Every structure is written in C-alpha cells, then in structure tokens.
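Subject: Structure handover

Hi,

Here is the structure we talked about. Please open it alongside this note; what I found follows below.

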Amino acid sequence: MTAVWPTTVPVGGERRGWAGGGRRSADDLPAIGLAELNASAALLTRVDRKYVLAEADLPALWASLPPDARVLEIDHARAFAYRSTYLDTAGLDAYRASAHARRRRWKVRTRSYATGESFLEVKTRRAASTVKERIALPTVDPLAGEGTPFVQSRLAGAGIAVDAAALHPTLVTTYERTTIHLPGSGSRVTLDSGLVWELPGGEARRHFAGRVIVETKSGSTPSTLDHALWRLGHRPARISKYAVGLALLRPDLPANRWHRLLTTLAPAG
C-alpha cells in the first residue's frame, strides 16, 4: 500500500464560526488564544464524551453554553481545517480492539493542525480515561527517526504488544473544527463538521453530511455542557472517527458495535 501522509493545513484568514441561528454562534463568544487554552485545559489525560447532532440542533447547543464560555481564535479565525492519517497493523488490530470494545484500545495517527504544526500522536485507553501523547512529526514518514521508538514505548507502557515498525496508513479524515473552552468546569468542547473519510490513495470516500460531532473533554466529572446536552435529550454516542469511517469504507469488517449509528445516522455517499 502506498503511504499517504498529511500535509500541513494553514490557518484560514477568514473569520468563520457556527451560525446556528439561535442566541449564540462562535462569533458571539469572547476569544481565547491557543497558549492560554493549552495552559488552562490541555487535557491530554481526560474523559471524552461524544455526541452526534444534526445541524438543526446547534442553536439549542449554543443557547446552552455557560456565560463564561470562550472560543479558540487564531489569526482572526475561529474554525480550522484538520487532517489526520491513522496507522494500524496489517490485521487492523487497533480497529478490532475498538470494534470488540477491548479494554486496551489504542490509536496511532498523524495530525496536521491549523497552526501549521504536525504531530505524531498515540492515544491509549486506560481505565475510564483517554491518554494522548504526541511528538512533533519527525519527518514526512512518521515512523522514521524517533517515530517508531516513540510509538513502541507508548503502546508498551499501556500494555499493548504491537510492532510499531509494521504500522501503515489505513484511513485519512478531514473536517473543520471549532473549539470552546468552559472555564467553570475546566473543560473544552470541540465541534467537528464537514467530516470526510477516505482510504489512503483515494480509493473510496464517504461524507458525514448534515451532522456535527460534538466532543466534550473533561476530567473525571462531566462538563456543564454534558449536563445541558443530557437535558436536551442527547446521550453520548459510540463513535470513533477512525473505526466508523473504516467500517463505512470496508463493509467486510465487523461493525456490530456501531450498527445503530451506521443505519439510523447513515452518512451520505
């Protein structure tokens, strides 16, 4: 398989936000810079809760934000393009660990941020928390140089026996993200829209049309927005961008864990 690695995604110069049509949009919130956000809520060890909302649900979400909510702003932009390339084994061990809800779940990916930075990231599941560790992308090939030892050591530290040198790209995701900081609960919220899944080399592609993935990232207790979403009738969804995307593009893979999502919230082709 030909390796396809992400390119740097520049910060957009145009200021854009989520115009939900309700009391608020991202443009109505006070701004927070990236350095201050990372200092206040880096949350590399956290509890993640994901929700799948229709675009029509956004006005109620904006109206539910606490008064102290702030939006990430970089160079006058408030929505940013993200690109991730996921790496897995030949047997898709990372995917299967998620599909079968195994205790030791993991992901390895490269990610290009709107700041112009690119990282090699390892996410592992430990108890009820997600731990994300990363280094600056060493080279165009993320497993060159210090990349392989970094991935190997982080997986081994989580009790995962995988040969990092044998990993290869299996899925590419692109989307646009807005990030909200909730100082009162020390948490952050991301809203991802325009999600596109693609197999490396562009052999197949699917769009998650009309849907927004909302993810709260907090400590051991739910954030204020979690409680607000629950009151609105939304419940955390079993969704992994990597696993759901690969299940859509590879129908030969086991996907019972996401059957309801894949049928009732089927993305447009």
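Start with helix α4 (residues 147-157): Gly147, Thr148, Phe150, Val151 and Leu155 are its buried residues. Buried means under 20% relative accessible area, exposed means over 50%, and partly exposed is in between (1.4 Å probe, protein chains only). Helices (H or I, at least four residues) and strands (E, at least two) are DSSP runs, numbered from the N terminus. Seen down the axis of α4, the buried residues fall within an arc of 165°, so they line one face of the helix. That arc is taken over the directions from the helix axis to the C-beta atoms. The buried residues of α4 pack against β5, β6 and β7. Contact here means heavy atoms within 4.5 Å. Just after α4, glycine 159 has a positive phi of about 75°.

A word on the model before going further. It is predicted: local features need pLDDT of at least 70, side-chain atom pairs count only at pLDDT 80 or more, and totals for chains, interfaces and linings use all residues. Residues are numbered from 1 along each chain as its sequence is written, and side-chain values use heavy atoms, with hydrogens and water left out.

Overall picture

The protein has 269 residues, and 50% of them count as buried. Its secondary structure comes to 7 helices and 11 strands. Take the contacts between residues at least 6 apart in sequence: 69% of these join residues at least 24 apart. The accessible surface is about 11600 Å², and carbon and sulfur atoms account for 50% of it. Accessible areas come from the Shrake-Rupley method with a 1.4 Å probe; for residues, only the protein chains shown count as cover.

Strands β4, β5 and β6

Back to the strands under α4's buried residues, starting with β5. Strand β4 (residues 80-88) runs antiparallel to β5, joined to it by 5 bridges. Two strands pair if DSSP finds at least two bridges between them. Threonine 85 stands opposite threonine 110 of β5. β5 also pairs with strand β6 (residues 118-126), again in the antiparallel sense, over 7 bridges. There, arginine 109 has glutamate 121 of β6 as its bridge partner. The hairpin of β5 and β6 has 5 residues between the strands, and glycine 116 in it takes a positive phi near 95°.

Salt bridges

How many salt bridges does a search of the whole structure find? The count is 11. The criterion is a side-chain nitrogen of Lys or Arg within 4 Å of a carboxyl oxygen of Asp or Glu.

Glutamate 121 forms a salt bridge with arginine 134, with the closest N and O atoms 3.8 Å apart. The pair links distant parts of the chain: glutamate 121 lies in β6 and arginine 134 in strand β7 (residues 129-136), 13 residues apart. Glutamate 121 is buried, at 0% relative accessibility. Arginine 134 is partly exposed, at 33%. Arg109, Glu121 and Arg134 are linked in a network of salt bridges.

Arginine 70 forms a salt bridge with glutamate 36; their closest N and O atoms are 2.9 Å apart. This pair also links distant parts of the chain, with arginine 70 in strand β3 (residues 70-72) and glutamate 36 in helix α1 (residues 34-41), 34 residues apart. Arginine 70 is partly exposed at 22% relative accessibility. Glutamate 36 is partly exposed too, at 39%.

Arginine 205 forms a salt bridge with glutamate 198, and the closest N and O atoms are 2.9 Å apart. Arginine 205 counts as partly exposed, at 46% relative accessibility.

Strand β11

Last, β11. Of its 8 residues, 7 are buried, so β11 is largely enclosed by the rest of the structure. Strand β9 (residues 187-198) pairs with β11 in the antiparallel sense over 5 bridges. Valine 189 has threonine 216 of β11 as its bridge partner. Valine 212 sits in β11, which covers residues 211-218. Is valine 212 buried or exposed? Valine 212 is buried, at 0% relative accessibility. Valine 212 and glutamate 176 are 36 residues apart in sequence, and 9.9 Å apart in space, C-alpha to C-alpha.

Best wishes
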